[in-house]
Amino acid sequence: MITKLLERGGDLVARADVCVIGTGAGGAVAAAELAAGGRSVVVLEQGHHWTKQDFTQREDEMLPRLFEEAGMRQTADGAVTVLQGRNVGGSTVHNLCYAFRTPAPILRVWREEHALPELTEAALEPSFRRVEQNLKVKQIREAEVNGLNRLIRAGAQSLGYSGFVTRHNREGCIGAGYCILGCSYDAKQSMLVTYVPKADAAGARIYANARAERIEVDGSGRKRVLGRVVGHAGEPYGSVEVEAQVVVLAAGAVASPDLLLRSRLANLSGRVGRGLHLHPSVMLAGYVDEPIHAYRGIPQSYYIDEFIDLERDPHRGYVLMPIAGFPVLTASQLPGFGREHFRTMRDFSKMVGLLALLHDRSEGCVRPGDSPSKPRIDYALTEEDRRQLSESLVHIAEVLFAGGASRVVAPYWTDPIELHPGDDLSVLAARGVREGEIAIASTHPQSTCRMGGDRRHAVVDAFGECHDVPGLYVADMSVFPTSLGAPPQITTAALADRTAQRILARWPRPNAARKPAFS
Ligand SMILES: Cc1cc2nc3c(=O)[nH]c(=O)nc-3n(C[C@H](O)[C@H](O)[C@H](O)COP(=O)(O)OP(=O)(O)OC[C@H]3O[C@@H](n4cnc5c(N)ncnc54)[C@H](O)[C@@H]3O)c2cc1C
Ligand code: SF4
């Protein structure tokens with residue numbers, strides 16, 4: 001049953017074998033597998049349970065509904081916007097459906113440099129297979145590649161750059177193009193329409209508007225999750241208290257370490273909240289002569305991997321991805337005021353975007369902030385990462401021009417650079433990427449509760465269990481030992497599946513002969 005606590009009113013007091021915190025790519029999978037495996041499961045999700053009827057395709061309504069801090073979450077210095085979901089289904093409700101497995105060289109690094117010999121492709125295969133089947137992962141068909149992605153592909157191919165049309169998790173997509181605002185047609189196979197209903201059908205009790213704020217562990221290992229019933233902006237109403245033998249923390253790579261630090265748990269290594277990678281991205285806007293309506297159709301289907309070679313160097317590189325914005329999001333990312341900004345936005349239908357997403361070595365950290373809704377995020381680019389992002393601007397402009405753009409704008413907040421075919425692109429590398437001078441975004445915060453075999457340097461073991469607290473698991477993007485260097489939803493889901501199978505094997509139901517007593 002999915003209960004919207006805000007509508008039901010009152011407090012929540014419950015008991016279960018397992019309490020799962022969060023319903024995104026990690027939490028929904030863990031909840032469904034554990035419930036299907038016969039465990040009594042209570043799921044706490046701070047966000048609301050919105051469904052396709054609520055996805056109005058309007059930015060002013062959907063950004064506050066679906067995103068943390070209404071899409072305005074930022075690093076403490078304001079330099080990087082960090083986009084994360086805040087609703088039943090988590091960030092999968094507004095993500096863009098690229099569906100990649102963990103790159104083999106990254107798994108090798110995790111095995112060899114993070115003492116995780118168990119993480120072989122063969123060991124993960126059953127989890128990947130299950131997840132891909134449930135999310136209906138498939139190759140994007142040629143007919144589904146929209147004008148924006150065709151233009152980017154033409155540009156890349158004419159320059160001889162490596163790229164390909166990816167796999168995705170959509171079924172019955174009509175190409176409306178509103179993926180980032182939630183799919184009104186339930187075509188996107190997000191957790192909202194796949195694993196959450198699966199968990200519900202298997203008997204999990206799912207509570208929306210329930211924010212976990214502290215986890216306590218008593219002398220016998222029994223856990224209590226304490227929190228609040230919260231409104232759409234995180235304002236508190238009633239209280240939440242769930243008692244469980246096992247807790248699966250899957251609140252995402254910002255909230256999960258925040259919760260562990262607030263609870264003073266699982267941090268003997270001193271690593272909780274540290275090692276944050278963001279996959280930071282920068283973009284340029286190109287303009288073509290005729291309307292291309294880049295926002296229609298599947299927003300991202302082509303993927304340029306020319307500038308990343310994980311086999312050769314698994315620690316660096318960047319990928320290029322097409323990007324189409326909506327009017328308000330686009331306007332907020334482009335510089336200028338008044339007449340100048342109007343001129344930029346007047347050509348919205350002729351706009352094509354391409355972003356570089358960095359496989360970053362820079363490490364930030366998450367710490368509790370002023371309130372549980374607003375953890376503090378610190379992050380600064382290393383010189384080498386800054387250099388790579390600066391270089392990427394040149395390649396983005398090259399591809400846009402080769403694809404047919406007649407004008408490219410580098411959206412520096414002050415003195416944006418406007419380029420035309422034949423201009424010297426090295427001005428972009430020379431101006432470069434510096435925090436506070438150009439929009440930087442992150443849609444993939446990760447690695448803040450790292451997995452590793454050595455408890456002195458890692459928070460969780462190879463199955464996501466906290467080294468210091470038996471029965472407390474982390475099953476979200478925070479467990480990645482390094483930056484992933486690829487879209488992360490499938491890796492997150494597959495590791496969560498593996499964690500759930502481990503819990504089923506390791507934590508037999510207490511009093512298995514009796515029916516569980518629910519309150
Ligand atoms: C705009 C965008 C586009 C993306 N596109 C892609 C893509 O194309 N392909 C891809 O692979 N990945 C993509 N991603 C990333 C992908 O969606 C994430 O990797 C994935 O959803 C992360 O899963 P998670 O479980 O770690 O966290 P989330 O999915 O973010 O879920 C965390 C959940 O926990 C809840 N929560 C947080 N704190 C609490 C608390 N205290 N109590 C209770 N609940 C709490 C949140 O509300 C949220 O629902 C994209 C992300 C964004 C933002
Ligand atoms: S493009 Fe497809 S998946 Fe995305 S919002 Fe439109 S119908 Fe849904």
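Strands S9 and S10 form a hairpin in which five residues separate the two strands, and Gly-221 in the turn has a positive phi of about 90°. The structure is a predicted model.

- Seven bridges pair strand S9 (residues 210-217) with strand S10 (residues 223-230) in the antiparallel sense.
- Within this pairing, Ile-215 has Val-225 in S10 as its bridge partner.
- Glu-241 belongs to strand S11 (residues 236-249).
- With neighbours within four places in sequence set aside, the contacts of Glu-241 are Leu-12, Val-13, Ala-14, Arg-224, Val-225 and Leu-226.
- The side chains of Glu-241 and Arg-224 are joined by a polar contact of 2.8 Å.
- Glu-241 counts as partly exposed because its relative accessibility is 30%, a value between the limits of under 20% for buried and over 50% for exposed.
- From Glu-241 to Pro-416 the C-alpha separation is 52 Å, and the two residues are 175 places apart in sequence.

**Nonpolar cores**

- The largest nonpolar core comprises 105 residues, and Leu-44, Trp-110, Val-248 and Leu-260 have the most contacts inside it.
- Another core, of 51 residues, lies apart from the largest one and includes Ala-79, Phe-307, Phe-401 and Leu-425.
- Leu-260 is in contact with Leu-249, Leu-265, Ala-266, Val-272, Cys-449, Val-459, Leu-472 and Val-474, when neighbours within four places in sequence are left aside.

- Strand S16 (residues 351-358) is mostly covered, with eight of its eight residues buried.
- Met-351, Gly-353, Leu-355 and Leu-357 point one way from S16, while Val-352, Leu-354, Ala-356 and Leu-358 point the other way; all are buried.

- Asp-347 is located in the loop between helix H10 (338-346) and S16.
- Asp-347 counts as buried because its relative accessibility is 17%, which is under the 20% limit.
- Tyr-287 and Arg-407 are touched by Asp-347, not counting residues up to four places away in sequence.
- With Arg-407, Asp-347 makes a polar contact between side chains at 3.3 Å.
- The C-alpha atoms of Asp-347 and Val-474 are separated by 45 Å, and these residues are 127 apart along the chain.

**Helix H3**

- The buried residues of helix H3 (residues 59-66) are Glu-59, Met-62, Leu-63 and Leu-66.
- These residues lie on the same side of H3 because they cover an arc of only 100° around the axis.
- In general, an α-helix has 3.6 residues a turn, so residues three or four places apart point the same way.
- Helix H9 (327-333) is included in what covers the buried residues of H3.

**Surroundings of ligand 1**

- There are 36 residues around ligand 1, of which Glu-45, Ser-91, Tyr-98, Met-477 and Gln-489 come nearest.
- An oxygen atom of ligand 1 lies 2.6 Å from a polar side-chain atom of Ser-91.
- A nitrogen atom of ligand 1 lies 3.1 Å from a backbone N or O atom of Leu-96.
- A polar backbone atom of Ala-212 is 2.9 Å from a nitrogen atom of ligand 1.

- Gln-57 is not a glycine, yet has a positive phi of about 65°.
- The position of Gln-57 is in the loop between strand S3 (41-45) and H3, and a relative accessible area of 22% makes Gln-57 partly exposed.
- His-293, likewise not a glycine, has a positive phi of about 50°.
- The loop between S13 and strand S14 (302-304) holds His-293, which counts as partly exposed at 25% relative accessibility.

Conventions:
Residues numbered from 1 in each chain as written. Chains lettered and ligands numbered in written order. Predicted model: local features only at pLDDT ≥ 70, side-chain atom pairs only at ≥ 80, totals over all residues. Heavy atoms only, no water. Core = buried A, V, L, I, M, F, W, Y, C linked by side-chain atoms within 4.5 Å. Buried < 20%, exposed > 50% of the residue type's maximum accessible area, 1.4 Å probe, protein only. Contact = heavy atoms within 4.5 Å. Helix = DSSP H or I, 4+ residues; strand = E, 2+ residues; numbered from the N terminus. Arc of directions from axis to C-beta. Near = heavy atom within 4 Å. Polar contact = N/O pair within 3.5 Å; in protein donor to acceptor, adjacent residues only side chain to side chain. Pairing = 2+ DSSP bridges.
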